[in-house]
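Please read it alongside the sequence and the model.

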Amino acid sequence: MSGMVFEDVRVFDGSANLPFPAQVRVEGNRITAVAPAGAPSVTRPGDVVHACGGATLMPGLVEAHAHLSWPSSVERFVPGMSLPVEELVLTTARNARILLDHGFTSAYSAGALNKRVEVALADQINTGGMPGPRLVASSIERTPPVAEDEKELSPGEVDEHGKGPEAVRAFVRGCAEMGARSVKFLLSGEDALQPGASQLLLYTEDEAKAAGDAAREHGVWLAAHAQAADAVKMALRNGFRVLYHCTYADDEALDMLAAARDDIFVAPAIGIIQATLDANPPPHFDMSHMKRSAAEVKARQQKLIPALRARGVRILPGGDYGFPFNPNGRNARDLALFVEWFGYTPAQALHAATALGGELMGMGHELGRIATGYLADLLIVDGDPCQDVTLLQDKQRLLGIMKDGRFHKTPAGFSPAVAA
């Protein structure tokens with residue numbers, strides 16, 4: 001079977017090592033050979049050879065905190081968070097394509113604004129009906145029942161569910177039955193929406209245990225919005241796999257996170273924090289309390305994340321994109337923030353967004369690396385993102401985007417040749 005060969009490239013292989021000159025061969029949807037400079041050619045007769053002019057070849061990026069149904073994108077500003085269902089469905093599909101356009105070949109959902117929209121989207125993507133990243137789909141973010149005057153604090157389609165362990169079990173079971181692979185709970189509140197809410201626990205220990213038991217029974221993963229230290233501990237005691245934020249984790253929570261490091265992932269979601277600090281809202285929209293909260297979160301995260309990383313906890317980029325001031329498509333900015341805020345090198349930030357992202361997707365043995373046998377989710381980048389990771393914020397620098405061995409964006413300006 002003929003394949004495809006990339007030559008005259010520098011390969012960032014998903015490790016934290018710097019790029020190296022090599023040839024890479026793809027056959028079907030898999031990488032079949034990686035040959036460093038000086039090794040025998042991997043080209044076979046009939047292969048299509050792409051001479052890439054010294055560009056960087058790297059794994060596709062993984063978004064660890066995707067909100068594809070959050071409506072705003074770099075292509076379309078939406079002033080609020082509510083859309084009629086028809087527009088929401090089409091906007092979600094559009095945002096999936098936008099993420100892929102920007103080099104994100106995989107996405108792990110952190111919640112949707114509609115119960116089934118992401119499940120239906122994932123099916124369409126998987127069957128070739130529309131472009132988009134590999135998607136771990138979620139349902140709506142589960143919050144406890146709220147009073148009518150509090151519903152604006154919980155954007156999205158609010159499911160009809162009650163309190164108590166049985167209601168929680170039923171919610172997890174329902175998500176699994178409809179095809180969601182991850183179920184997200186807001187275990188604590190959020191200061192950006194209501195001052196002081198980050199310290200409030202929204203679930204009891206019995207309810208969190210019920211969620212963990214039901215997730216194991218039905219084969220789904222659990223994700224938690226966990227700001228308060230007690231919310232972090234509750235998530236860890238009850239088998240939650242992905243913890244978002246963890247901003248107020250205390251020493252006990254840090255110890256628990258370190259002890260669970262082989263089983264959990266932490267995504268601090270800093271993109272939304274930087275966007276909040278940068279936002280210039282219209283005069284009628286007061287963001288002063290949000291900006292105060294964001295400044296506190298930034299200061300805490302700059303201490304928390306290096307401490308967790310030093311203990312071997314897997315930290316992933318993914319910044320809550322899709323809000324009006326933090327649109328979908330800007331996702332690669334998180335990589336630069338990992339460098340600026342947390343002291344990562346560009347290569348270490350890329351490792352988090354590729355190899356660790358593959359592990360998050362449950363595909364660490366075949367996704368997020370350039371190595372023999374891995375899936376051919378690849379980017380061809382004009383320049384070296386290990387020298388300047390901000391290159392990935394410019395989609396024009398993405399000369400080629402490949403997912404599952406097929407080009408979503410075919411390299412322009414190269415002269416592919418068929419090997420004799």
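The model is predicted. Helices α3 and α4 are roughly parallel, whereas α9 and α10 are oblique to each other. Helix α9 is also largely enclosed by the rest of the structure.

**Packing of α3 with α4**

- Helix α3 covers residues 165-178 and helix α4 covers residues 205-218; their axes come within 8 Å and cross at roughly 30°.
- Angles under 35 degrees count as roughly parallel, and α3 and α4 are therefore described that way.
- The crossing of α3 past α4 is right-handed.
- On the α3 side, the contact is made by P165, V168, R169, V172, R173 and A176.
- On the α4 side, D206, E207, A210, A211, A214, A215 and H218 take part.
- By class, the residues of this contact are eight nonpolar, one polar and four charged.
- An α-helix has 3.6 residues a turn, so residues three or four places apart point the same way.

**Packing of α9 with α10**

- Two packed helices are described by the angle between their axes and the distance between the axes.
- For helix α9 (residues 333-342) and helix α10 (residues 346-353), the angle is about 135° and the axes are 9 Å apart.
- Angles over 145 degrees would count as roughly antiparallel, so the pair α9 and α10 is classed as oblique.
- Helix α9 passes α10 in a right-handed crossing.
- The residues that meet are L335, F338 and V339 in α9 and P346, A349, L350 and A353 in α10.
- This contact of α9 with α10 holds seven nonpolar residues, with no polar and no charged ones.

**Burial of α9**

- Of the 10 residues of α9, eight are buried, so the helix is largely enclosed by the rest of the structure.
- The buried residues are R333, D334, L335, A336, L337, F338, W341 and F342.
- Their cover includes β5 (61-66), α7 (271-278), α8 (288-310) and α10.
- Just after α9, G343 has a positive phi of about 80°.

**Q274 in α7**

- Q274 belongs to helix α7, which is among the elements covering the buried residues of α9.
- The relative accessible area of Q274 is 12%, so this residue is buried; the cut-off is under 20%.
- Not counting residues up to four places away in sequence, Q274 touches K298, R333, L337 and W341.
- Among these contacts of Q274, R333, L337 and W341 are also listed as buried residues of α9.

**N114 in a loop**

- N114 sits in the loop between β6 (104-109) and α2 (117-126).
- N114 counts as buried because its relative accessibility is 12%.
- The N114 side chain reaches two backbone nitrogens: that of R116 at 3.0 Å and that of V117 at 3.1 Å.

**C52 in β4**

- C52 lies in strand β4, which spans residues 48-59.
- With a relative accessible area of 2%, C52 is buried.
- Leaving aside neighbours within four places in sequence, C52 is in contact with F6, E7, D8, V9, I380 and F414.
- The C-alpha atoms of C52 and D388 are separated by 19 Å, and these residues are 336 residues apart along the chain.

Key
Residues numbered from 1 in each chain as written. Predicted model: local features only at pLDDT ≥ 70, side-chain atom pairs only at ≥ 80, totals over all residues. Heavy atoms only, no water. Helix = DSSP H or I, 4+ residues; strand = E, 2+ residues; numbered from the N terminus. Buried < 20%, exposed > 50% of the residue type's maximum accessible area, 1.4 Å probe, protein only. Polar contact = N/O pair within 3.5 Å; in protein donor to acceptor, adjacent residues only side chain to side chain. Axes fitted to C-alpha atoms, helices over the stretch in contact; angles between N-to-C directions. Parallel < 35°, antiparallel > 145°, perpendicular 65-115°, else oblique. Left-handed = near helix turned anticlockwise from the far one by under 90°. Contact = heavy atoms within 4.5 Å. Nonpolar A, V, L, I, M, F, W, Y, C, P; charged D, E, K, R; others polar.
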